[in-house]
Amino acid sequence: MKKLFSILAAFVCTFTLAVAQIVNPVQWSNACKVEGETLTVTYTASIKDGFHLYALELPEGGPQQTEFIYETLTGVTPVGEPKVVQGKLITEFDPNFEMELGFYEEKLAVSQSFQITASDWAIEGYGYFMSCSGEMCTPPTRYEFSLGSANAAAAPVAAPVATEAPAGKSALWTPVIAELNAFGNGEGDLSGASHSWWYILIAGFLAGLIALVTPCVWPMIPMTVSFFLKRTKDRKKSLCDAYTYGLAIIVIYVGLGLAVTAIFGASALNSLATNAVFNIIFFLLLVVFGFSFLGGFEIALPASWTSKLDEKADATTGLISIFFMAFTLCLVSFSCTGPIIGTLLVEAATSGSMLYPAIGMFGFALALSLPFTLFALFPSMLKSMPKSGGWLNMVKVVLGFCELALAFKFLSVADLAYGWGILDREVFLCIWIVIFFFLGLYLLGFIRLPHDDDPSPSDRVSVTRLMMALVSMSFAVYMIPGLWGAPCKAISAFAPPMSTQDFKLGEQQMSVYHDFEEGMAAAKQAGKPVLIDFSGYGCVNCRKMEAAVWSAPEVKQIIENDYVLIELMVDDKTALAQPEVVTENGQQVKLRTIGDKWSYLQRVKFGANAQPFYVLLNAEGKPLNGSYSYDEDVEAYVNFLNKGIENFKK
């Protein structure tokens with residue numbers, strides 16, 4: 001028991017520290033050297049202080065060792081094994097893995113020899129590695145590389161950021177990171193990480209609370225707690241079992257979140273946000289989940305699965321039986337929790353960090369496990385708990401309508417990223433208005449669904465249902481002016497941007513350029529400063545800023561009268577007429593889409609990759625103030641813009 005709690009404590013501690021600061025502690029570079037028919041490739045890792053990189057050979061069952069995997073070898077043949085040419089091997093006993101492990105600190109250089117068999121040779125592959133500090137570990141990570149005879153003499157290294165324009169680009173692309181930093185961090189939440197992971201954690205916790213009041217989970221609370229209280233007459237032992245049961249639920253669901261990360265990988269999670277296939281699949285899944293909640297059909301796992309787990313729980317004793325009980329709960333409640341978990345994992349996986357699925361599942365499991373622990377501590381509370389009944393079915397139906405509404409958010413992201421134009425803002429609003437209007441009718445008893453207990457409309461409506469119906473119908477009415485161009489700030493994070501609105505009344509939208517060079521040329525001709533908005537179709541905070549800040553009259557007036565606005569979508573999937581090959585940190589990068597191009601511009605010129613990201617420039621591409629990120633403080637944004645104008649006039 002003590003060992004189990006020590007493992008769980010170490011897990012929670014590591015998890016907490018990991019989400020507190022997401023870091024990239026290892027930077028890789030490579031160099032090539034040709035001598036006659038022998039090619040030597042050297043991979044060099046610069047390791048952040050406080051971290052260590054695991055060695056090339058580790059015992060089985062330990063962490064991920066550093067290794068190099070070759071996917072394409074053309075005109076070369078490896079000779080021997082990789083050799084460490086720089087770095088001191090440190091060997092220590094690791095209590096977490098209970099074995100001797102070797103690792104390197106500060107720097108590691110590894111060389112691999114090849115026999116050249118053709119003058120035109122090429123090597124493509126990746127390094128696979130894991131690093132740790134005394135407090136946290138990064139997950140196994142890939143370092144991609146692509147080498148060839150054409151760049152063999154270049155010996156690229158991870159040098160400091162370039163101080164001149166990238167090859168093939170105008171002087172407007174010249175990096176201005178130092179000048180930008182000289183102004184300070186500007187305004188807004190520039191990191192974005194703390195807000196995001198707290199948001200995912202809270203969203204997961206709320207999702208867990210919702211799952212508790214579904215027909216599959218709620219009735220199991222008194223049954224499960226009673227089971228544990230009857231296992232032993234020893235009060236302390238029964239409480240210990242209840243605590244362990246709650247921890248087992250958390251471990252199972254967090255493990256599910258980590259599995260999502262392991263399957264998709266860190267870079268894939270970021271690209272999923274605007275991937276058409278991914279968003280369409282989840283649109284269809286949420287539609288299926290929604291109709292299931294509405295009573296069209298039931299989604300259930302095979303009964304044999306839960307039966308086998310019940311048998312395992314009965315046949316075993318101690319901690320293993322408790323774990324099987326927790327697993328049984330997860331499977332039995334799948335038909336209700338599956339859609340909620342699926343929605344949460346999608347939201348977490350597309351929020352930009354490899355840890356977010358685990359964070360979301362931690363919040364979900366924490367909320368789900370709390371009642372089992374609390375009712376075990378205070379059994380008398382079970383008497384005051386509401387009995388199962390029709391209200392549980394009502395909760396399920398409400399969730400069904402919400403799942404249908406959320407489904408169109410994912411379809412909208414795919415539609416925007418690929419420019420299909422099938423789900424413009426007014427079409428999206430029409431769908432949501434109808435969904436929430438019909439939800440109100442259901443709550444008032446005008447609509448009956450297949451799994452409602454009473455097939456005939458009820459003459460009486462409870463106060464709770466009446467209030468929920470008023471909220472739903474009021475929300476539908478609130479969205480109606482949006483059909484004519486009203487901002488509808490409450491749903492700005494979900495609805496398509498105002499630029500997709502075909503029919504608008506009142507003021508026209510701000511003039512905006514969507515090409516960097518074109519906008520800069522217009523600013524030079526007009527003699528105005530430039531406001532660049534690095535945004536994204538799948539960026540929730542971007543929509544919030546547009547609705548909460550840009551719609552403010554004082555902000556809109558300044559942008560329209562005093563700035564040339566350039567909006568660059570970093571997730572625009574429109575293919576470039578011709579792919580562009582650029583060099584970034586010593587590595588060749590191929591830009592295939594318009595979004596790739598603007599994302600590269602943001603990284604290389606401004607040293608940032610998060611959205612929203614606002615920067616003020618003069619016509620020569622030099623910054624006029626520090627950058628600004630997500631912060632819905634209108635006064636702060638006005639000061640940000642006015643400071644840029646003041647510096648421009650100087």
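In what order do the four strands of the open sheet with mixed pairing lie? The order is E12-E14-E13-E17. This is a predicted model, in which local features need pLDDT of at least 70 and side-chain atom pairs count only at pLDDT 80 or more, while totals for chains, interfaces and linings use all residues. Residues are numbered from 1 along each chain as its sequence is written, and side-chain values use heavy atoms, with hydrogens and water left out.

## Strands and sheets

Helices (H or I, at least four residues) and strands (E, at least two) are DSSP runs, numbered from the N terminus. Two strands pair if DSSP finds at least two bridges between them. E12 runs parallel to strand E14 (residues 564-569), and two bridges join them. Tyrosine 513 has isoleucine 566 in E14 as its bridge partner.

| Strand pair | Sense | Bridges |
|---|---|---|
| E1 (residues 26-35) and E2 (residues 38-47) | antiparallel | 10 bridges |
| E2 and E8 (residues 107-116) | antiparallel | nine bridges |

E1 and E2 form a hairpin with two residues between them. Glycine 36, in the turn, has a positive phi of about 65 degrees. Alanine 31 stands opposite threonine 42 in E2, and threonine 38 has glutamine 115 in E8 as its bridge partner.

Threonine 44 also lies in strand E2. Its relative accessible area is 18%, so threonine 44 is buried; buried means under 20% relative accessible area, exposed over 50%, and partly exposed in between (1.4 Å probe, protein chains only). With neighbours within four places in sequence left aside, threonine 44 is in contact (heavy atoms within 4.5 Å) with Gln27, Trp28, Ser29, Lys107, Leu108 and Ala109.

## Aromatic rings

Rings of Phe, Tyr and Trp (its six-membered ring) pair if their centres lie within 6.5 Å; planes under 30 degrees apart count as stacked, over 60 as edge-to-face and the rest as tilted. A search of the whole structure finds 24 aromatic pairs. One of them is the edge-to-face pair of phenylalanine 437 and phenylalanine 438, with 6.2 Å centre to centre and 90 degrees between the planes. Phenylalanine 437 is partly exposed, at 39% relative accessibility, and phenylalanine 438 is partly exposed, with a relative accessible area of 38%.

Why is the pair of tyrosine 614 and tyrosine 637 classed as edge-to-face? The planes of these two rings stand at 85 degrees and their centres are 5.5 Å apart, so the pair is edge-to-face. This pair links distant parts of the chain, 23 residues apart: tyrosine 614 is in strand E17 (residues 613-617) and tyrosine 637 in helix H19 (residues 634-649). Tyrosine 614 counts as buried at 1% relative accessibility, and tyrosine 637 is buried with a relative accessible area of 0%.

One aromatic cluster is formed by Trp28, Tyr43, Phe68, Tyr70, Phe114, Phe129 and Phe145. Elsewhere, arginine 465 lies over the face of tyrosine 442, at 5.4 Å from the ring centre. A charge sits over a ring if NZ of Lys or CZ of Arg is within 6 Å of the ring centre and within 35 degrees of the ring normal.

## Helices

Helix H18 (residues 594-606) has 13 residues and reaches 18 Å from its first C-alpha to its last. That span is close to the 18 Å expected at 1.5 Å a residue, where the expected span is 1.5 Å times one less than the number of residues. H18 is largely enclosed by the rest of the structure, because 10 of its 13 residues are buried. Among them are Trp598, Tyr600, Leu601 and Phe606. Glycine 607 follows H18 and has a positive phi, near 65 degrees.

Serine 412 lies in helix H12 (residues 390-418) and counts as buried at 2% relative accessibility. Leaving aside neighbours within four places in sequence, serine 412 is in contact with Leu423, Phe428 and Pro496.

## Cysteines

A disulfide is a pair of cysteine sulfur atoms within 2.5 Å, and a search of the whole structure finds zero disulfides. Cysteine 402 counts as partly exposed at 34% relative accessibility, and cysteine 430 counts as partly exposed at 38%.
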